[in-house]
Amino acid sequence: MAIVVNVDVMLAKRKMSSNELAEKIGLSPVNLSILKTGKAKGIRFATLDSLCKALDCQPADLLEYRAEPQEPEG
């Protein structure tokens, strides 16, 4: 997928555990793990808002677009 989730990077910068973050934002550790590993199909704006507040960051600090390599035609 072209969208990369950088929650782990922000957790490391804030010296916070996944469980601590999950508790702060009211998300189950399992759902946070799904988000962190990039397996989530989407994210609610309310969840993104909570993540940004808890980690004191901007949405762009958590989500990154990386273009997927194009396969040659032919």
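Let me start with a word we need: a residue is buried when its relative accessible area is under 20%. Keep that in mind. What you see above is a predicted model.

First, the overall picture. The chain has 74 residues, and 27% of them are buried. Its secondary structure comes to 5 helices and 2 strands. Read from the N terminus, the order is β-α-α-α-α-α-β. So much for the list; now the outline. Along the principal axes, the C-alpha atoms fill a box of roughly 50 × 20 × 20 Å. Now take the contacts between residues at least 6 apart in sequence. Of these, 60% join residues at least 24 apart.

Let's go to helix 2, residues 18-25. Which residues of helix 2 are buried? They are L21, A22 and I25. Now look down the axis. These three cover an arc of only 100°, which puts them on the same side of helix 2. What do they pack against? The buried residues of helix 2 pack against helix 1, helix 3 and helix 4. In residue numbers, those are 7-14, 29-36 and 45-55. The face turned away from the buried side carries N19, E23 and K24, which are exposed. After helix 2 comes G26, with a positive phi near 75°.

Next, how helix 2 meets helix 3. Their axes come within 9 Å and cross at roughly 110°. That makes helix 2 roughly perpendicular to helix 3. The crossing is right-handed. Which residues of the two helices meet there? From helix 2 we have S18, N19, L21 and A22. From helix 3 we have P29, L32 and K36. Notice L21 and A22. They are among the buried residues of helix 2, and they also take part in this meeting with helix 3.

Now helix 3 itself. Its buried residues are L32, L35 and K36.

Move on past the end of helix 3. T37 sits in the loop between helix 3 and helix 4. Is T37 buried, exposed or partly exposed? T37 is partly exposed, with a relative accessible area of 49%. Now compare sequence and space. T37 and V4 are 33 residues apart in sequence, yet 8.9 Å apart in space, C-alpha to C-alpha. Also just after helix 3 is G38, which takes a positive phi of about 80°.

Last topic: cysteines. A disulfide is a covalent bond between the sulfur atoms of two cysteines. How many disulfides does a search of the whole structure find? The search finds 0. The cut-off for a disulfide is sulfur atoms within 2.5 Å. Look from the other end. For C57, the closest cysteine sulfur is in C52, again at 4.4 Å and too far. Are these two cysteines buried or exposed? C52 is buried, at a relative accessible area of 11%. C57 is buried as well, at 9%.

To recap. Helix 2 and helix 3 cross at roughly 110°. Thank you.

How values were computed. Residues numbered from 1 in each chain as written. Predicted model: local features only at pLDDT ≥ 70, side-chain atom pairs only at ≥ 80, totals over all residues. Heavy atoms only, no water. Buried < 20%, exposed > 50% of the residue type's maximum accessible area, 1.4 Å probe, protein only. Helix = DSSP H or I, 4+ residues; strand = E, 2+ residues; numbered from the N terminus. Arc of directions from axis to C-beta. Contact = heavy atoms within 4.5 Å. Axes fitted to C-alpha atoms, helices over the stretch in contact; angles between N-to-C directions. Parallel < 35°, antiparallel > 145°, perpendicular 65-115°, else oblique. Left-handed = near helix turned anticlockwise from the far one by under 90°.
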